[in-house]
Amino acid sequence: MAESLVERRSIDVVPDDERHGTAFSQFTLWLGANLQITAVVTGALAVVFGGDVVWSLTGLLLGNLLGGAVMALHSAQGPKLGLPQMIQSRAQFGVRGAVVPLLLVILMYVGFFASGSVLAGQATARLTHTNDTTGIIVFAVITAVVAAVGYRVIHVLGRVASVICALAFIYLGIRLLDRVDLSALLSDAHFDLPMFLLAVSLSASWQLAFGPYVADYSRYLPRTTSGRATFWWTLSGSALGSQWSMTFGVLVAASAGDAFLDNQVGYVVGLGGTGLIASLLYFVIALGKLTINVLNTYGGFMSMVTSISGFRGQKTLSPRGRAAYIALIMVAGTVVALLGKDSFLTSFKDFLLFLLTFFTPWSAINLVDYYLISKERYDIPALSDPDGRYGAWRWDALTVYGVGVLTQLPFLATHFYTGPLVEPLGGADISWIVGLVVPAALYWLLARRDTSHIPTERGDSPTVTPASAA
């Protein structure tokens, strides 16, 4: 049983005889990953920073759909290639050049691990009757253990969390509606473009941040799995879960004000009740955060292996090496969580928008290359060969990526930096739109001129996605 439960694969191709599951597994995983307290806080930020209920909800929905569609396009790559998400970046940036976006992805995983651990640590502390510091550490250790077991347990956790967290959110929603005057909240609608775009950016960044690892959890699906089915099940699970959580956050923030801001976890649990119910809700909060933090830890480990293997030529990883990488992510995330737990809300909002600056150009380049340039065909053995088809460094793609990041800066609005074009736009942050459009167009113009890196339909060598590639 242990041999079948503990994952053996890391960044190597999943062969056909190890593929299993259906596209519906993506719905339950991403529903469970988004029905959680940090998504609630993300939705609340739209109101905390000045938005009204109606236009905050509308903006959040638009961002979840737009960002979720980009994220789901990455998910559809998994069954076709059988590879982790970020190793595919070698086809665009080179076997070693892919380390540039990878380093930023690793930073993202550490940051999300930390932000999730702050809230989950509070819930764990209440369950174990300890302090927040102990709760954060206990939660981090549990996360690392689950991530070390791997893919199968992650999907089981997603299925369990999707049911338990959905039931909890239904109950909390009923309790919340008993307390608030919904008609009054909905009637106080006043459109403000900067606040509307902030709501769109918050939810779009939430979805786009899944892009660098979403295919990690679809790569075991059979090669015959429909890309369209994978896309729609991923999008529906992620958009539904996040919009559900964020809607709850908007209503809580609009009705509770400082009572919620001062203690997000405590307020949500107090909304549900006391005694046994409170304990159950603390468990639900910890379970929801466990689901997403396991994804962050697992994705961080995969990205670190991908980064290092580009220089060392390593294709497989021992169980001891796997545990060491996961422990490193856990320790780094826990340290950041302990250092930043007292300034969570402001730091988290800036962290989300900061991440968006670096991941929208990567998404744009990856998707244009996969769907429009390479036509879903990659030379998989060459992804591990710096002297092969994709080379060690692809400077054209790296240049486009750098331009994509820089062109966003004039439109970026965060606590620590505001671009010069933000004020003329009324304070609106449209950097993520620029970060998708500009690098997508530039990369398409450059890459279509040189197609030497694109395999033919039947392959010039052992190419595309054969089962023998493993």
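## Figure legends: the fold, its surface and serine 374

The accessible surface of the chain amounts to about 17,600 Å², with 66% of that area belonging to carbon and sulfur atoms.

**View 1. The whole chain, an all-in-one look at a predicted model.** Let's start with the overall fold: the chain has 19 helices and 0 strands. Its C-alpha trace spans about 65 × 60 × 40 Å along the principal axes. A compact globule of 470 residues would have a radius of gyration near 23 Å, so the 22 Å of this chain agrees with that expectation.

**View 2. Inside the chain: burial and contacts.** Of the 470 residues in the chain, 60% are buried.

**View 3. Charged side chains.** Here you can count 28 positive and 28 negative side chains in the chain. The centres of these two sets lie 9 Å apart.

**View 4. The contacts of serine 374.** Which residues does serine 374 touch once its neighbours within four places in sequence are set aside? Serine 374 is then in contact with Asp369 and Ile454.

Note on methods
Residues are numbered from 1 along each chain as its sequence is written. This is a predicted model: local features need pLDDT of at least 70, side-chain atom pairs count only at pLDDT 80 or more; totals for chains, interfaces and linings use all residues. Side-chain values use heavy atoms; hydrogens and water are left out. Helices (H or I, at least four residues) and strands (E, at least two) are DSSP runs, numbered from the N terminus. The radius of gyration is taken over C-alpha atoms; the globule rule is 2.2 Å times the number of residues to the power 0.38. Buried means under 20% relative accessible area, exposed over 50%, partly exposed in between (1.4 Å probe, protein chains only). Contact means heavy atoms within 4.5 Å. Accessible areas come from the Shrake-Rupley method with a 1.4 Å probe; for residues, only the protein chains shown count as cover. Lys and Arg count as positive and Asp and Glu as negative; His and the chain ends are not counted. The place of a charge is taken as NZ of Lys, CZ of Arg, CG of Asp or CD of Glu.
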